Amino acid sequence: MAELTGVFYSTRGRLIRTGNGNAAYFSLLRNSVARKVVRLSRSLAQVEAKYHAERHAKRTAFFIEVPLPASLEPGFTIPAARALPAKPCDRKNFFRGFFLGRGSVNAPSTRYPLALVAPTLGWATILLCLLHEAQVRAGVVERAGQHVVYVKDAEGIARCLQLMGGNRAVMEFENVRVVRDVRAQVNRRINFETANIDKTIGSALRQVEAIKRLEEEQGLEPWPPALEEMARYRQENPERNVADLADQSNLAK
């Protein structure tokens, strides 16, 4: 039941009068979540929820109506300060419901933040305390008049997914994250090697040009034999660095 109340409070749900009593009424933006809420109400509350879609200019909203037995109504009417369940298992379910209602997480192939849009600052504080209890670093920011609780680091996001029971999602998230990290390491290594190659080739070309200029002006014969030999090696191998040339000619660098 805590999961259903989490969805209710996250979406600013309200109670409405029906022919058979009261019903929890709220809206969702994802059809998959709306269908899950209908299944939850059927399995947990033993009631048949109703929902319908309304299409607007930019999005479709799904309105849910869950008939409430009298014994369940208190769970949908208590203040936010007391709505968070006391039992750890119920807290996890409540957090999962809250995430289903107003949460999102980006794929790690793009960026990391996990976010939950809180209906009020009080709710944002409650969520922040819940995450801190789970040893997840989180913050709150006001965006477009709404309070958003966010988690940025990958470990914290994985911990949140575990907290919600999304073990499969954790595996997918970690797989994508590992691929991204490996790709980043490879790119850094390639950039490093490319920079070194560019530096070596640039230096070698300058040396070849200098040797050519000196050879035209005075020739290489007056030079000491070792230096003359190295100059010849450099002209013949412009792509190699000085250390390789020294090893090839058995000379000190």
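The model is predicted, so local features need pLDDT of at least 70 and side-chain atom pairs pLDDT 80 or more, while totals for chains, interfaces and linings use all residues. Residues are numbered from 1 along each chain as its sequence is written, and side-chain values use heavy atoms, with hydrogens and water left out.

**The sheet**
- Four strands form an open sheet in the order S5-S6-S8-S7, with antiparallel pairing; strands (E, at least two residues) and helices (H or I, at least four) are DSSP runs numbered from the N terminus, and two strands pair if DSSP finds at least two bridges between them.
- S5 (103-105) and S7 (139-143) are the edge strands with a single partner each, so one side of each has no neighbour in the sheet.
- On average, neighbouring strands are turned by 25° against each other, direction ignored.
- Five bridges join S7 to S8 (residues 146-151) in the antiparallel sense, and Val 140 stands opposite Val 149 in S8.

**A helix across the sheet**
- H6 (residues 154-163) lies across S5, S6 (114-118) and S8, and runs at about 100° to S8; axes are lines fitted to C-alpha atoms, for helices over the stretch in contact (heavy atoms within 4.5 Å), with angles from 0 to 180 degrees between N-to-C directions.

**Two helices crossing**
- The axes of H1 (residues 2-10) and H4 (residues 88-102) come within 6 Å and cross at roughly 40°.
- H1 and H4 are therefore oblique to each other, the class left after under 35 degrees (roughly parallel), over 145 (roughly antiparallel) and 65 to 115 (roughly perpendicular).
- Residues making this contact include Tyr 9 of H1 and Phe 94 of H4.
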